[in-house]
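Please view the sequence and the structure before reading on.

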Amino acid sequence: MRVINFVDSIERINYGIWDAAISTARYLELNHGVESHLWFPTVMNRPDLPHLKTKGIDILTSQNIHTILLENNFKPDNTIIATHGCWQYPTRLGYNLHLKGYKWVMTPHGMLEPWS
């Protein structure tokens with residue numbers, strides 16, 4: 001099983017979100033053999049994160065992501081899509097991949113709170 005965490009930014013301002021997204025990576029790998037990934041726009045520097053595979057995505061479209069998934073043997077029966085936040089491209093990608101049969105978990109990280 002694999003988990004792909006889509007985030008819209010890995011800038012320090014967004015650290016809380018992507019840190020929450022990957023905080024379980026080591027546990028999932030060691031205890032359940034689950035491979036965790038963090039995918040983000042390529043315009044950002046790739047962080048050095050143990051127990052996690054990172055991938056910058058050049059073209060952020062549903063079709064491009066679907067092609068990348070298939071080329072790397074990510075399939076609906078072996079992959080969970082986790083999107084973080086609810087206003088940017090990760091949510092749209094998660095929804096579109098859900099329509100293609102992937103399991104999808106969307107975490108708004110407080111973005112639906114009245115103050116936000």
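## Cut-offs and model

A residue is called buried when its relative accessible area is under 20%, and exposed when that value is over 50%. The model discussed here is predicted.

## Trp-39 and strand β2

Trp-39 lies in strand β2, which spans residues 35-41. Trp-39 has a relative accessibility of 2%, and the cut-off for buried is under 20%, so Trp-39 counts as buried. Most of β2 is covered as well, with six of its seven residues buried.

Strand β2 pairs with strand β1 (residues 2-6) in the parallel sense, over five bridges. At one of these positions, Arg-2 has Glu-35 in β2 as its bridge partner. Trp-39 can also be related to Ile-4: the two are 35 residues apart in sequence, but their C-alpha atoms are 6.9 Å apart in space.

## Trp-87 and its loop

Trp-87 sits in the loop between β4 (79-84) and α4. Its relative accessibility is 56%, and the cut-off for exposed is over 50%, so Trp-87 counts as exposed. Along the chain, Trp-87 and Pro-108 are 21 residues apart, and their C-alpha atoms are separated by 8.7 Å.

## Helix α4

Helix α4 covers residues 89-99. Its buried residues include Tyr-89, Pro-90, Leu-93 and Leu-97. An α-helix has 3.6 residues a turn, so residues three or four places apart point the same way.

After α4 comes Gly-101, which has a positive phi, near 105°.

Terms used
Residues numbered from 1 in each chain as written. Predicted model: local features only at pLDDT ≥ 70, side-chain atom pairs only at ≥ 80, totals over all residues. Heavy atoms only, no water. Helix = DSSP H or I, 4+ residues; strand = E, 2+ residues; numbered from the N terminus. Buried < 20%, exposed > 50% of the residue type's maximum accessible area, 1.4 Å probe, protein only. Pairing = 2+ DSSP bridges.
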